[in-house]
Amino acid sequence: MDDIYKYLLVAFEEAELAKQEGTFPIGAVLVDNTTGLIIARERNRVFSSCDTTGHAEVNLLRAASDRLIDLSTKQFINNDYTIYSTCEPCPMCTCTILLSGIKKVVWAANDNTFGAARKFKEGPHFSEYFDTISYLATPYPELELKQRSMIADFYTSRGYVDTEWHKELS
């Protein structure tokens, strides 16, 4: 098993916890590329914490803030970290990642509705900033299918059965 797959599976452990808590089943892990150590792991907590900003990637960066910000100098710390997420980050998460200085993002499933990382990187928005970050989208078809199934099940439990996530499974 390669490292990318290994870290995505850890992110899926967090997604499973989010699912059990009744919120969007999305998980994320922050890894130090130099040491291979997991710095933080988090999950979506929008409904479990009643926090509209409680997305997995935002929670992850909050949990790792002491590794991203030097309070004594009031500056961001240069890092060689990668975020592994089960789902493509939304606009809020994408911009939070960009502002945090993270250099790479890997996700298991594209989000064609709210996913923003690809759109921002490929579009004219903030292009000078997005040139500093790379991403790897959906490197494993079986993990993409797993994420799509989890989100489709979440929407089904809320009475929505005809979403993008359902259509992609057909």
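Lys74 counts as exposed, because its relative accessibility is 68%, and exposed stands for values over 50%. This value, like the others below, comes from a predicted model. Lys74 sits in the loop that joins β3 (69-70) to β4 (75-76). Its phi angle is positive, about 55°, although Lys74 is not a glycine.

Cys50 also has a positive phi, near 50°, and is likewise a residue other than glycine. Cys50 belongs to the loop between β2 and α2. With a relative accessibility of 74%, Cys50 counts as exposed.

## Asn44: a buried loop residue

Where does Asn44 lie? Asn44 is found in the loop between β2 (38-43) and α2 (56-63). Asn44 is buried, because its relative accessible area is 4% and the limit for buried is under 20%.

The side chain of Asn44 makes a polar contact of 2.9 Å with the side chain of Thr23. Beyond its neighbours within four places in sequence, Asn44 is in contact with Ala18, Glu21, Thr23, Phe24, Ile26, Gly54, His55, Ala56 and Asn59. Tyr84 is 40 residues from Asn44 in sequence, and the two C-alpha atoms are 14 Å apart in space.

Glu14 is part of helix α1. Glu14 belongs to the charged class, and its relative accessible area of 5% makes it buried.

Which side chain forms a polar contact with that of Glu14? The partner is Arg43, at 2.8 Å.

## Helices α1 and α7

Two packed helices are described by the angle between their axes and the distance between the axes. Helix α1 covers residues 3-20 and helix α7 covers residues 141-157. Their axes come within 12 Å and cross at roughly 10°. The two helices are therefore roughly parallel to each other, because angles under 35 degrees count as roughly parallel.

On the α1 side, the residues that meet α7 are Tyr5, Leu8, Leu9, Phe12, Ala15, Glu16 and Lys19. On the α7 side they are Glu142, Leu143, Lys146, Gln147, Met150 and Asp153. Sorted by class, this contact holds 7 nonpolar, 1 polar and 5 charged residues.

## Asp32 in strand β1

Asp32 lies in strand β1, which covers residues 27-32. Is Asp32 buried or exposed? Asp32 counts as buried, because its relative accessibility is 10%. The side chain of Asp32 reaches the backbone nitrogen of Thr35 at a distance of 3.4 Å.

Leaving out neighbours within four places in sequence, the contacts of Asp32 are Leu37, Ile39, Arg67, Asp80 and Tyr81. Met150, a residue of α7 that meets α1, is 118 residues from Asp32 in sequence and 27 Å from it in space, C-alpha to C-alpha.

## Thr82 in strand β5

Thr82 belongs to strand β5, residues 81-87. At 1% relative accessibility, Thr82 counts as buried.

A polar contact of 2.9 Å links the side chain of Thr82 to that of Asn33. Asn33 is also one of the residues in contact with Thr82 when neighbours within four places in sequence are left aside.

## Cysteines and disulfides

A disulfide is a covalent bond between the sulfur atoms of two cysteines. How many disulfides does the model have? The count is 0, where a pair of cysteine sulfur atoms would have to lie within 2.5 Å to be included.

Cys87 counts as buried because its relative accessibility is 3%. Cys90 is buried too, with a relative accessible area of 14%.

Definitions and conventions. Residues are numbered from 1 along each chain as its sequence is written. This is a predicted model: local features need pLDDT of at least 70, side-chain atom pairs count only at pLDDT 80 or more; totals for chains, interfaces and linings use all residues. Side-chain values use heavy atoms; hydrogens and water are left out. Helices (H or I, at least four residues) and strands (E, at least two) are DSSP runs, numbered from the N terminus. Buried means under 20% relative accessible area, exposed over 50%, partly exposed in between (1.4 Å probe, protein chains only). Contact means heavy atoms within 4.5 Å. A polar contact is a pair of N or O atoms within 3.5 Å; within protein, one must be able to donate a hydrogen and the other to accept it, and residues adjacent in sequence count only if both atoms are side-chain atoms. Axes are lines fitted to C-alpha atoms, for helices over the stretch in contact, and angles run from 0 to 180 degrees between N-to-C directions. Angles under 35 degrees count as roughly parallel, over 145 as roughly antiparallel, 65 to 115 as roughly perpendicular and the rest as oblique.
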